[in-house]
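Look over the model first, then read on.

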Number of protein chains: 2
Amino acid sequence: MEKVRIGIVGLGQRGNGLLTTILSLEELAYVAAVCDVYADRREAAAERVEKQYGKRPAVYEDYTDLLADSSLDAVLITAGWEEHIKIAIESMRAGKITAMEVGGAYNIEECWELVRTYERTKTPIMMMENCCYDRFELLATAMARAGKFGEIVHCHGAYSHDLRDEILGGNVNRHYRLNNYMRRNCENYPTHELGPIAKILNINRGNRMLSLVSVASKGAGLKEFAKSDKNPDKSLVNAEFAQGDIVETIIKCAGGETISLKLDTTLPKYYSREFTVRGTKGLANQELNMVLLEGEQDFHEAFDTPVFVKKHLDNAKEYEKEFLHPIWKNITPEEMELGHGGMDYLMFREFFRTIGRGDPLPIDVYDAAAWMSISALTECSVARGGAPVDIPDFTDGAWVKRKPKDVLEF
Amino acid sequence: MEKVRIGIVGLGQRGNGLLTTILSLEELAYVAAVCDVYADRREAAAERVEKQYGKRPAVYEDYTDLLADSSLDAVLITAGWEEHIKIAIESMRAGKITAMEVGGAYNIEECWELVRTYERTKTPIMMMENCCYDRFELLATAMARAGKFGEIVHCHGAYSHDLRDEILGGNVNRHYRLNNYMRRNCENYPTHELGPIAKILNINRGNRMLSLVSVASKGAGLKEFAKSDKNPDKSLVNAEFAQGDIVETIIKCAGGETISLKLDTTLPKYYSREFTVRGTKGLANQELNMVLLEGEQDFHEAFDTPVFVKKHLDNAKEYEKEFLHPIWKNITPEEMELGHGGMDYLMFREFFRTIGRGDPLPIDVYDAAAWMSISALTECSVARGGAPVDIPDFTDGAWVKRKPKDVLEF
């Protein structure tokens, strides 16, 4: 099997992390080009590639030059949020297999353009939602497919990640988040929590998201942090931010299920995705690494919740023997170091293997458009005081007959 | 101080539990009358009272006869949900100090009538929201008042309580929930989670709830349970239920805070109220009995959420020495047996003591109307696909100048 020759657009923190991941997949992929608008970033990346391969990659300042490089099979887009869809569209037009990092859309029209470009070009594209490959999400998905939770009626997820330092360091670190937090008020980063949920609920494949409501709290976290000693950019001491601290969104699906999402990035909080599956026979809760199934645990044993939680915390391990996917059973400690505890490595290995086999990529353009659209749609709902907003059907009705497809076979 | 002569209307499960609580407060209260439409219930209660006091109480079938009993100072209403407000209105008109058990309203007009009746009669009334007196809620409230969480921007609560057996046993046990689950689809039981949150956020006292959105999942839990061996009432095997399994509500406040509520009563789940306070300096989480404060814990120590949770689970104990209210520090094991781990006992003791002092009751008619209105309002929002619904200002504008008042002094 020939190695996939890939070019990377955007070599900030995330691009560099994924460069490490891809360089480790030497049997499957070859980093043939790097691109960044900043000279220091592209040079540093080129040096890293040269050090590994003994050969310098092509180096581009302008991504359109990289897309014109006929030696490339594939392109990974890890630029700022605002660029993902635009570059992905051009990449598909250029015929490059397109790996698009996660983010949210700024309007619905760009989501449609992404879909229509795919439909015209048929260039394979995948949204690289690593959380779809994480250990607990895959465990819960396998258990859901085996019917362990019964009929699933509700899922919940969060992006709970204190980013105050990173956001306010945007000017200093040339990071894309700052302007978003100054101008927008929405669920600006929905896919880590929504992606695995959408897969479990067969969104775009027998089910679809119909409408959402979204309400934001006031934004006090960033403002207070900006005035504190911890603020890395003193030019922002009196800055104003449009973004609310907690944005909660409830999505209603055609199958009657609800999905609740919570963006929670500007208050003191430990990291959590709160990924939760609720069904008529049981539940899975990632924050607690807990699986509870009717007939297997006694749910009614106590009204003292912390005592109950302490007893069952981390009990998901008991279900791993039967339900954990082999890719997680066989992962090495070295592979787990290659980005976010292993999920980056596993996702990119699957991506390159799938390309090698010529199979369809498992997180497709319809998934990308639907998941990313949530940012633009919540922005409008928040502005309208939580008014329901319609979620487009990017499949043009094909969802009623498309078959479910998980990111891996179970 | 003279004992408060109280009559109890409604002697089902809850009424009987509170009869035990009140009989234990012999120095403060005297149960002078009992009332229930069912003869077996009122007779059993009368026997219990007689056994304790050596004197039989007045026994009434019709609550209007109890309200006409001139020997009574106060009335406790623990009838079915649909009766609370109606009986409370008549009780205030009859001049009886009125203790109203919790529940939700069926329309907004009855909430207004409750308020107007109080304003005309000035008869003291208190909604008996026991969760306002629970250990963790009071701890968190004391810490909030001390500024430990910084500026509070968001609170969350749930009524997560698997009631499938109890709901379907409604015909058998003459319980009030069944018809509600068959006919309505709303946040039918909001006050356990909302009450303590409303107090922390000074609702009706410098702040108010402005609007809400509410979305319900499909209802699959009860239907499946009804077909199972566990169903206590075989006449309901093919019953249909209007109520969704998970109803999520987001409330926006005048101060910019959001409150999210979750009703979760018809799927397998352990009991939890998920009471959570989020501020710019820290958080409190009841499910985990956890308090995290900036500068006191390292929030950034790990991306492995279950490991972090295990480390800090139950750490709220460390803050009890400084912040736990004396009523919880001095509670005896016997008092903790008197209903819901102690909160029923503490609440009723405070209720009778406050009456004895002639002081204002701390959960007043405006709180009752605002908190109970959520049921009727969510019913409309759910029916409209989550459309925002206005929350009335039952204080007629007085909230802008009313002073905060907690259920206890801190």
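## The surroundings of B:Ile203

Leaving aside its neighbours within four places in sequence, which residues is B:Ile203 in contact with? They are B:Ala198, B:Arg208, B:Met209, B:Cys253 and B:Asp367. Contact means heavy atoms within 4.5 Å.

B:Ile203 sits in the loop between helix H10 (191-200) and strand S8 (209-216) of chain B. Helices (H or I, at least four residues) and strands (E, at least two) are DSSP runs, numbered from the N terminus. B:Ile203 is buried, at a relative accessible area of 3%. Buried means under 20% relative accessible area, exposed over 50%, and partly exposed in between (1.4 Å probe, protein chains only). B:Asp162 is 41 residues away from B:Ile203 in sequence and 29 Å away in space, C-alpha to C-alpha.

## Basis of the model

This is a predicted model: local features need pLDDT of at least 70, side-chain atom pairs count only at pLDDT 80 or more, and totals for chains, interfaces and linings use all residues. Residues are numbered from 1 along each chain as its sequence is written, chains are lettered from A and ligands numbered from 1 in the order in which they are written, and side-chain values use heavy atoms, with hydrogens and water left out.

## Chain A overall

Chain A has 17 helices and 14 strands. Its radius of gyration is 21 Å, close to the 22 Å that the globule rule gives for 410 residues, so chain A is as compact as a globular protein of that length. The radius is taken over C-alpha atoms; the rule is 2.2 Å times the number of residues to the power 0.38. Along the principal axes, the C-alpha atoms of chain A fill a box of roughly 65 × 55 × 45 Å.

Buried residues make up 65% of the 410 residues in chain A. Take the contacts in chain A between residues at least 6 apart in sequence: 75% of them join residues at least 24 apart. Chain A carries 50 positive and 63 negative side chains. Lys and Arg count as positive and Asp and Glu as negative; His and the chain ends are not counted. The centres of the two sets lie 2 Å apart, with each charge placed at NZ of Lys, CZ of Arg, CG of Asp or CD of Glu.

## A covered helix

Helix H6 (residues 135-145) of chain A is mostly covered, with 9 of its 11 residues buried. Among them are A:Phe136, A:Leu138, A:Leu139 and A:Met143. The cover includes strand S7 (152-160), helix H10 (191-200) and helix H13 (317-323) of chain A. Just after H6(A), A:Gly147 takes a positive phi of about 80 degrees.

## Positive phi outside glycine

A:Lys122 is not a glycine, yet has a positive phi of about 60 degrees. It lies in the loop between helix H5 (108-121) and strand S6 (125-127) of chain A. A:Lys122 is exposed, with a relative accessible area of 54%.

B:Asp396 also has a positive phi, near 55 degrees. It lies in the segment after strand S14 (389-390) of chain B. At 48% relative accessibility, B:Asp396 counts as partly exposed.

## Where the chains meet

63 residues of chain B are in contact with 63 residues of chain A. The two chains bury about 5,400 Å² between them, 60% of it on carbon and sulfur atoms. Buried area is the accessible area (1.4 Å probe) that two parts lose on being put together, summed over both. B:Lys218, B:Tyr270 and B:Arg278 supply 13% of the area that chain B buries against chain A, more than any other three residues.
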